[in-house]
Amino acid sequence: MFKERPSEISVSSLTGESDMTKVDARALSHRELNARLRELVSSGVQRIELHNVYGQRYIGTDLDKPVKIDIFGTPGNDLGAFMDGPGITVHGNAQDGCGNTMDNGEIVIHGHAGDILGLSARGGKIFVKEDVGYRAGIHMKEYQDKKPTVIIGGTAQDFFGEYMAGGILVLLGLNLKEGEGHTANFIGTGMHGGVIYMRGEVQEFQLGKEVGVAELNENDYLTLEKLIGEFTCHFDCAAQEILKCRFTKLFPLHLRPYGRLYAY
Amino acid sequence: MKELGRINNFYQDDKVMDACSIFGMMDTAGRRFSGKKVVEAIANMHARGNGLGGGFAVYGLYPKYANCYAFHLMYLSRAGQARVEDFLRQKFHMIYAEEVPTRPIPAIVNPPLVWRYFLEVKSEGTCGQREDDYIVDRVMEINTKIEGAFVFSSGKNMGVFKGVGYPEEIAEYFCLEQYEGYLWTAHGRFPTNTPGWWGGAHPFNVLDWTVVHNGEISSYGINRRHLEQFGYNCTMQTDTEVIAYAVDLLIRRHGLPVEMAARILAPPFWSQIERCSPEKQKIPRTLRQVYGNLLLNGPFTVIIAHQGEMIGLTDRVRLRPLTVGVEGSVLYLSSEESAIRLVCPDLDRTWIPIGGEPIIGSLERPFEPAVTARGTSDMAISNRGYAKISK
């Protein structure tokens, strides 16, 4: 079924861009596509365009060079899993598990993303233009200077930041109408590290038992300003307008909320 | 002891990380189409299954015999077939019978016999029972009393084709390219805790209800016992079977609207109910109290179909995925968006519904061709109601 070789064109001679390679992914299985990507990256290719992507999983997995990958189509689950350095741009929507245990690099999604975005990520940045599904940021973690960061332009479904252990989650709610709040429930359930910033209304009952609400301090605003600046660069919108609105900061009340649960 | 796995398989990549795949496609304007796109879409999610089950349900399948009950039967023995045919002749007028055409392919090993029968209920034959109840009882009788015979489907103008194999192989085996319908559902199976056998492949059916399912029903035991009180016997050794019988009971026999049935299978949490006004609490409270035993616990995404309607539903904390796409009058439901995009790159809308919210396509309310710009996507998140999708 997947026996055909990819049609590949190196366009460096045509456009003057260095080492840009186009890959037609239509007939490639996820194993073949990722093997091809590893081959290209180790041969020193700097930019790759993937066309006709229909659900191949794990795209970009374990690549460890700062290669730029543009994806046209709908990449499959676990996009960028375990990757360490590449910059992936999705011209469309992402499915579930995007950024799974990602170590470093950047994923920019010009659409929406499915469930468990950035699960267990331990570094890198993810930007989503529109909404995200259930459990975005689940169990992200941080260590010293490694701080995974997820910035979402739209709103989120339930269990946003579930079991979060570190990193930064930003929810901008840019597509909420006047007077409309986020509708996610169980936000930050089990959270025990990191920080969540939400723009737009959120009610007390929507929050998990393990999170506290705080006003933003100067450092928070500095962090947000920088991240929103990057967000607006990716998606071409005005940062100042976004920053004018009120933000809510959610933080974990305990670092080990279940520390005594099973220890009698 | 040596850990041989490390030597034989250095990357430890023999572990199968899968889930079932489900796909549904319905033209709400009622136009019939071939299964080509459906097979292409479900085959695109090949990696989710493991070849131990694949199947399809097709509606608008037998217009020539539209008023007959179309029985698809699987036989494990010729003796079973002879006994079923005697039984059917005794209980029904048999208008037409034939073996379901198949083509031998290497992937399909040791298939059972599959036959179809077009049946009419004898006017004097139901002893005052409703015709559809009579059919359900006869299906249960075959499944529980006749050795080596199982009913794959038993509705009018529809049929189920299923077996052990990848769905694209099952489609090839049953020559599905030769059929047309206005509503198709498809399933690729990754059996978790029940055997991968022909009867256990999805869709599950009774009358014209079919269910394809990704997930597992931890409440199977209590659901099954509850349904047994109403004459439904589980014989297919797979949890999904209870969903087919539950929707038959709730929607057909108890006459509940789909939205209400969805709130029984995937009810709002008590904490959500308690935040409503006392007046608004009445219905969800009553449903949970009366039908508590039909609450489906555990992760699930299902596509439920019957004559004229296709319904997508996930569990209330959405532990399994569902993406919706709409293009013109056609509704797509899929485990993954990529499968929809493959067969329909230019969708009017695509979104991910919240847990417990049913997505309904119906011949009674066909979607209008989109007047808005194409390619915009948004998720129906803000709507926590149970409204049908409207354009």
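This is a predicted model: local features need pLDDT of at least 70, side-chain atom pairs count only at pLDDT 80 or more; totals for chains, interfaces and linings use all residues.
User: How do you know that the span of helix α3 of chain A agrees with its number of residues?

Analyst: Helices (H or I, at least four residues) and strands (E, at least two) are DSSP runs, numbered from the N terminus. The expected span is 1.5 Å times one less than the number of residues. For the 18 residues 218-235 of α3(A) this gives 26 Å, and the end C-alpha atoms are 26 Å apart, so the two agree.

User: Which residues of α3(A) are buried, and why are they said to line one face?

Analyst: A residue is buried if 20 or more other C-beta atoms lie within 10 Å of its own, exposed if 12 or fewer, and partly exposed in between, with C-beta atoms placed from the backbone. A:Leu224, A:Leu227, A:Ile228 and A:Phe231 are buried. Seen down the axis, the buried residues of α3(A) fall within an arc of 105°, so they line one face of the helix; the arc is that of the directions from the helix axis to the C-beta atoms. An α-helix has 3.6 residues a turn, so residues three or four places apart point the same way. On the other side of α3(A), the exposed residues include A:Glu218, A:Lys226 and A:Cys233.

User: What do the buried residues of α3(A) pack against?

Analyst: Contact requires C-beta atoms, placed from the backbone, within 7 Å. The partners in chain A are β7 (125-128), β8 (149-152), β9 (165-171), β10 (193-199), α4 (239-244) and β12 (247-252).

User: What makes β16 of chain B a mostly covered strand?

Analyst: Five of the five residues of β16(B), residues 330-334, are buried. B:Val330, B:Tyr332 and B:Ser334 point one way and B:Leu331 and B:Leu333 the other way, and all are buried.

User: How do you know that β16(B) pairs with β1(B) and β15(B)?

Analyst: Two strands pair if DSSP finds at least two bridges between them. Five antiparallel bridges join β1 (residues 21-27) of chain B to β16(B), and five join β15 (residues 323-327) of chain B to β16(B), also antiparallel. B:Val330 stands opposite B:Asp27 and opposite B:Glu327.

User: Why are β5 and β7 of chain B called edge strands?

Analyst: The open antiparallel sheet of four strands has the order β5-β6-β4-β7 in chain B. β5 (92-99) and β7 (149-153) of chain B each pair on one side only. β5(B) is joined to β6 (residues 113-121) of chain B by seven bridges, with B:Met94 opposite B:Leu119.

User: What makes up the contact between the chains?

Analyst: The contact takes 22 residues from chain B and 24 residues from chain A. Helix α11 (residues 337-343) of chain B gives the most to the side of chain B, with five residues. That side divides into 10 nonpolar, six polar and six charged residues, where Ala, Val, Leu, Ile, Met, Phe, Trp, Tyr, Cys and Pro count as nonpolar, Asp, Glu, Lys and Arg as charged, and the others, Gly among them, as polar.

Note on methods. Residues are numbered from 1 along each chain as its sequence is written. Chains are lettered from A and ligands numbered from 1 in the order in which they are written. Two residues are in contact if their C-beta atoms, placed from the backbone, lie within 7 Å.
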